[in-house]
Amino acid sequence: MADPMRIRAQIAGDKVEVRVLMSHEMETGQRRDNNGNIVPAWFIQNVTVNHGGRTVMSAQWGPAVAKNPFVHFRFSGGKVGERVSVTWTDNRGDKRTDEAAIIAG
Amino acid sequence: MNTSRREVLKAGGGMTVMALAAGAGLLRPEQAFAQVAWNKTAFDTKSFADTVKALGGASASENQGVRFASPTPDIAENGALVPVTVTSSIPNTESIAILVDKNPNTLAANFTILPGMDPFISTRVKMGQTSDVYALVKADGRYYYAKKEIKVTIGGCGG
């Protein structure tokens with residue numbers, strides 16, 4: 001199981017700024033190990049961010065997203081104390097969800 | 001949180017509601033099925049034009065409403081970690097994709113811009129070598145792009 005994500009959701013004006021740092025190898029499938037064998041691709045494919053029962057961000061990724069992916073976006077309609085949850089699914093079917101409370105700006 | 005039925009419909013939460021709403025034409029398909037199948041065809045493409053086609057567009061036009069914002073560098077010292085930020089001022093922006101022309105596969109990431117989300121995304125990608133990077137925006141079913149060359153000092157696809 002991958003390490004927890006670091007999620008910061010902070011009010012900025014009438015928006016919520018969300019920054020997420022995920023822990024994932026994001027192996028491209030192009031790289032060879034010391035024995036010359038291709039290291040199989042292993043990367044996050046789907047990311048969704050939910051707030052109050054609705055999806056506020058959704059993405060599909062390929063292996064070209066950098067290792068330990070970072071994403072920053074903003075949405076409207078969030079209030080201090082409400083929770084934002086982030087879920088990723090990778091190409092091996094592994095899945096991880098973490099959440100954080102929205103903090104004041 | 002007290003979510004009314006109308007908000008649920010608008011936000012597309014819950015599979016049954018999503019399916020019904022999509023069937024009734026209330027939602028754009030990519031919104032209704034945002035969490036479904038990973039688009040393998042699009043991520044397998046090897047050129048900008050093929051990616052646009054795989055995402056459902058006939059062609060894309062360059063548009064100043066699509067911009068790379070700070071911290072997108074002109075020169076990336078480390079191709080394994082290249083920050084890319086994209087904004088769109090085109091009305092009804094539905095998605096923002098990031099493409100790296102000279103990577104083994106062109107499409108790096110595709111973000112769906114959902115209701116309430118700003119047409120802004122910042123992330124980090126890998127670049128194997130110096131390349132044109134495209135920000136591809138879908139708005140009202142049409143495709144628009146901005147292009148920027150990012151020079152890479154050390155490639156990011158090796159060890």
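**How chains A and B meet**

Across the interface of chain B and chain A of this predicted model, the rule finds 2 salt bridges. Local features here need pLDDT of at least 70, and side-chain atom pairs count only at pLDDT 80 or more. Residues are numbered from 1 along each chain as its sequence is written.

Q: Why is Asp118(B) with Lys15(A) called a salt bridge?
A: The term asks for a side-chain nitrogen of Lys or Arg within 4 Å of a carboxyl oxygen of Asp or Glu. Here the closest N and O atoms of Asp118(B) and Lys15(A) are 3.0 Å apart, so the pair qualifies.

Q: What makes β5 of chain A and β7(B) a pair?
A: Strands (DSSP runs of E, at least two residues, numbered from the N terminus) pair if DSSP finds at least two bridges between them. Strand β5 (residues 70–76) of chain A and β7(B) have 2 bridges, in the antiparallel sense, so they count as paired. In this pairing, Val71(A) stands opposite Thr123(B).

Q: How many residues from each chain are in the contact?
A: Contact means heavy atoms within 4.5 Å, and on that basis chain B gives 36 residues and chain A gives 33.

Q: What is the buried area between chain B and chain A?
A: It is the accessible area (1.4 Å probe) that the two parts lose on being put together, summed over both. The value is about 2,900 Å², with carbon and sulfur atoms giving 53%. In chain B, Trp38(B), Arg124(B) and Lys126(B) lose the most area to chain A, together 21% of what that side buries.

Notes: Chains lettered and ligands numbered in written order. Heavy atoms only, no water. Helix = DSSP H or I, 4+ residues; strand = E, 2+ residues; numbered from the N terminus.
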